[in-house]
Amino acid sequence: MSRLPTPEEIRAVPKVLLHDHLDGGVRPATIIDLARDYGHTLPSTDADGLASWFREASNAGSLERYLETFAHTVGVMQTREALVRVAAECAEDLADDGVVYAEVRYAPELHTSNGLSLDQVVEAVLEGFRLGSAGPDGRPRIRVGTLLTAMRHQARSMEIAELAVRYRDVGVVGFDIAGAEAGYPPTRHLDAFEYLQRENAHFTIHAGEAFGLPSIWQAIQWCGADRLGHGVRIIDDIAVSADGEAKLGRLAAYVRDKRIPLEMCPASNVQTGAAASIAEHPIGLLRRLHFRVTVNTDNRLMSDTSVSREFASLVDAFGYGWDDLQWFTVNAMKSAFIPFDERLALINDVIKPGFAAMARPA
Ligand SMILES: O=c1[nH]cnc2c1ncn2[C@H]1C[C@H](O)[C@@H](CO)O1
Ligand SMILES: [Zn+2]
């Protein structure tokens, strides 16, 4: 059997990230700087101590408790300067990890408590991504598209959907809803999703993470989601017999047949209790059954992760090789919210040559 990809090799290949929260990936040292400037009290003022605090507090076993940690990132992301800095550093960190295309999401409504308007929040983040994407020669090292998230327990989704459409030609590529899932079904925001469909706009929905099949069913069949954020609970609609044969229910079959992308976030799911461990994560079964699986970070700070680390942990748990990692990457690029010709160019000109050079060195 050929040698498995090593962490360094994984870092070197071109990767694609579709599900990453801006406020879940702030550098600990930056949080400390900003908290000092804005008088925000933190659980630790030492960068390593703060990093461990986030990791441990996020090992909560429930999505609701996991989400409480965001008070310490969102709390320091309330000015234009802070947002530009956090977004620029996010683009740099992703590019350093070898990510060539990323869709990064955040909820503009969470960043207005110091008086910024929703438009000012969006413009600050776009400026940060522009600055952080440029290499030393000025040429972009990474392409970052933004998804605007509405919080599912609030009632501002229509406003945020309109914001996403307003900024669609200058870097915002789609819309999402996030936050506690139980008790806040996607259909609560049906007017926003119907508006986006009339506008020919793209959106994903966090569904099937902390709640089961009804959430996934609503996201797809009522709301018209292009992709599913997490979607792990789709396995509740798949019966696997003792000999390994899988029988798909109607919803699981629909998701697979329609090639609906699943934005899987293994490390995050273990922390929130959506999966017991990486080795038992539904991604193993779903990959085997050829669902359109993609691999994502969700919150790099809370999970102390990166796309490369997620891949490395899957290599460890499932013995994945280069073909699997390329398959996840091409799946993600195919599922991105940028135009088809641009996705194809990244697949043919960047991703495939990058993997070919690594898997079959000259
Ligand atoms: O995995 C998640 N599920 C639901 N909501 C989430 C997850 N990760 C982050 N969020 C929330 C907390 C953030 O403040 C918000 C916008 O990024 O989205
Ligand atoms: Zn998420």
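Predicted model: local features only at pLDDT ≥ 70, side-chain atom pairs only at ≥ 80, totals over all residues.
Let me start with the place where two helices meet: from α16 the residues Trp322, Gln326, Thr329, Val330, Met333 and Lys334 come up against Arg343, Leu346, Ile347, Ile351, Phe355, Met358 and Ala359 of α17. Sorted by class, the residues of this contact of α16 with α17 are 9 nonpolar, 2 polar and 2 charged.

Helix α8, which is residues 157–166, and helix α9, which is residues 190–198, pack at an angle of about 20 degrees, and their axes are 8 Å apart. Because the cut-off for roughly parallel is an angle under 35 degrees, this pair is placed in that class, and α8 and α9 are therefore roughly parallel to each other. On the α8 side the contact is made by Ser157, Met158 and Ala161, and on the α9 side by Asp191, Ala192, Tyr195 and Leu196. Divided by class, the contact of α8 with α9 has 5 nonpolar residues, 1 polar and 1 charged.

Helix α2 covers residues 28–38 and helix α3 covers residues 47–58, and they pack at an angle of about 105 degrees, with their axes 8 Å apart. That angle makes α2 roughly perpendicular to α3. Pro28, Ala29, Ile31 and Ile32 of α2 make the contact with Ala47, Leu50 and Ala51 of α3. In this contact of α2 with α3 the residues divide into 7 nonpolar, with no polar and no charged ones.

Which residues does UniProt list for "binding site"? In an unreviewed entry, UniProt lists His19, His21, His206 and Asp298 under that heading. They span 280 residues in sequence, yet no two of their C-alpha atoms are more than 12.0 Å apart, so these residues gather at one spot.

Two of these positions can be described more fully. His19 lies in strand β1, residues 15–21, and His21 also has its place in strand β1. Is His19 buried or exposed? It counts as buried, with 30 C-beta neighbours inside 10 Å, and His21 counts as buried with 26 such neighbours inside 10 Å. Leaving out residues up to four places away in sequence, His19 touches Gly229, Glu263, Cys265, Asn296 and Asp298. With its neighbours within four places likewise set aside, His21 is in contact with Arg105, Tyr106, Asp298 and Asn299.

The UniProt annotation "active site", again from an unreviewed entry, covers Glu209. Where is Glu209 found? It sits in the loop between β5, residues 204–207, and α10, residues 213–222. Although it is in a loop, Glu209 counts as buried, with 27 C-beta neighbours inside 10 Å. Not counting residues up to four places away in sequence, Glu209 touches Leu63, Glu181, His230, Val232 and Ala274.

I will finish with two residues whose backbone deserves a look. Arg259 has a positive phi of about 55 degrees although it is not a glycine, and it is found in the loop between α11, residues 250–257, and β9, residues 262–264. With 12 other C-beta atoms within 10 Å, Arg259 is exposed. His290, which is not a glycine either, has a positive phi of about 60 degrees. The loop that holds His290 runs between α13, residues 283–288, and β10, residues 293–295, and His290 counts as exposed, with 11 C-beta neighbours inside 10 Å.

Methods
Residues numbered from 1 in each chain as written. Chains lettered and ligands numbered in written order. UniProt positions renumbered as here; feature names shortened; annotations may be inferred. Helix = DSSP H or I, 4+ residues; strand = E, 2+ residues; numbered from the N terminus. Buried ≥ 20, exposed ≤ 12 C-beta atoms within 10 Å, placed from the backbone. Contact = placed C-beta atoms within 7 Å. Nonpolar A, V, L, I, M, F, W, Y, C, P; charged D, E, K, R; others polar. Axes fitted to C-alpha atoms, helices over the stretch in contact; angles between N-to-C directions. Parallel < 35°, antiparallel > 145°, perpendicular 65-115°, else oblique.
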